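Student: Could you walk me through reading a protein model, one feature at a time? I'd like to start with a helix and then look at a strand.

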Amino acid sequence: MTHPWFERAAKPRVLAHRGLVTPDAAAHGVVENSFAAVAGAHAAGALYVESDCHLTADGVVVLFHDTDLSRVTGDRRLVSDVTAAELETLMADRGGLITLDQALDVFPTLRFNLDVKAADAATPVGRAVAAHGDRVLLTSFADARRREALAAAVRNGGITPATSAGTATIARVLGALAVRSERLLQRALSGIDALQIPERHGRTRILSPRLLDAAHRHGVEIHIWTVNDPDDMQRLLALGVDGLVTDRADIALRVTRKGGATR
């Protein structure tokens with residue numbers, strides 16, 4: 001059965017990577033994963049927002065990508081070493097801090113693709129999204145962390161969130177394809193709703209027609225990150241990918257509307 005995260009929404013899916021920060025917004029100091037970035041994605045018409053989860057020193061789940069604050073705020077401390085109030089002050093002139101609870105409450109029509117970045121955030125993230133499982137997809141590069149977050153959501157009731165594979169699971173999928181084992185492929189994709197992958201990793205090509213065919217045969221979508229060039233968007237959509245993770249959701253939405261959407 002199709003998870004509600006995927007239902008009643010046209011494909012191809014546009015996932016606003018860390019929200020949307022246009023050049024004009026950036027010129028006014030707005031940064032990724034801020035309240036303004038999520039609001040910007042919503043205002044542009046994005047239905048899906050991809051974001052990242054860390055835990056502050058006082059146990060608040062915040063949308064933030066890096067382990068430390070230096071790239072975004074200039075502060076060298078770790079996210080886990082500051083309180084939510086301290087981080088709110090640092091983000092005040094950068095588009096504003098947004099917590100996971102705020103994102104879910106303030107934007108009830110958005111569907112979130114949440115990457116659990118920190119091990120200590122897995123259970124709190126699961127608890128936070130438990131009541132919103134129909135519009136949340138949980139993922140992590142670490143499959144154990146992803147499973148921990150899913151388990152916490154299940155323990156707290158509601159609809160189990162959708163999920164995309166971690167690095168080890170993706171490696172098993174590619175290995176099963178390499179040895180042409182349908183049994184290993186089915187096992188690797190069990191419980192997986194999407195494969196969210198780069199087109200290439202270094203010189204290694206990850207996306208292939210065989211992977212697309214295999215995933216679709218097992219009811220699993222393929223989402224490619226991070227795609228910002230309109231020509232690349234059109235090329236990937238022509239290959240049959242189901243979604244684009246992009247820093248420029250505004251451009252991607254125009255590309256998908258021009259090319260037509262399917263259901």
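Student: Which exposed residues does the face of α9 turned away from its buried side carry?

Tutor: Keep in mind that this is a predicted model. Exposed means over 50% relative accessible area, and buried means under 20%. On helix α9, the face turned away from the buried side has Arg183, Gln186 and Arg187 as exposed residues.

Student: And which residues of α9 are buried?

Tutor: In this helix, which covers residues 182–189, they are Leu185, Ala188 and Leu189. Look down the axis of α9: these buried residues fall within an arc of 90 degrees, so they line one face of the helix.

Student: What do the buried residues of α9 pack against?

Tutor: Their partners are α8 (167–178), β7 and α10 (209–217). Then check what follows the helix: just after α9, Gly191 has a positive phi of about 80 degrees.

Student: Now the strand. Why is β10 largely enclosed by the rest of the structure?

Tutor: Count its buried residues. In β10 (residues 221–225), four of the five are buried, so the rest of the structure largely encloses this strand.

Student: How many bridges join β7 to β10?

Tutor: Five, and β7 (residues 194–198) runs parallel to β10. Strand β11 (residues 243–246) pairs with β10 over three bridges, in the parallel sense.

Student: What do β10, α11 and β11 make together?

Tutor: A right-handed β-α-β unit, with helix α11 spanning residues 230–239.

Methods: Residues are numbered from 1 along each chain as its sequence is written. This is a predicted model: local features need pLDDT of at least 70, side-chain atom pairs count only at pLDDT 80 or more; totals for chains, interfaces and linings use all residues. Side-chain values use heavy atoms; hydrogens and water are left out. Buried means under 20% relative accessible area, exposed over 50%, partly exposed in between (1.4 Å probe, protein chains only). Helices (H or I, at least four residues) and strands (E, at least two) are DSSP runs, numbered from the N terminus. Two strands pair if DSSP finds at least two bridges between them. A crossover is right-handed if, with the strands pointing away from the viewer, the path from the first strand over the helix to the second runs clockwise. The arc is that of the directions from the helix axis to the C-beta atoms. Contact means heavy atoms within 4.5 Å.
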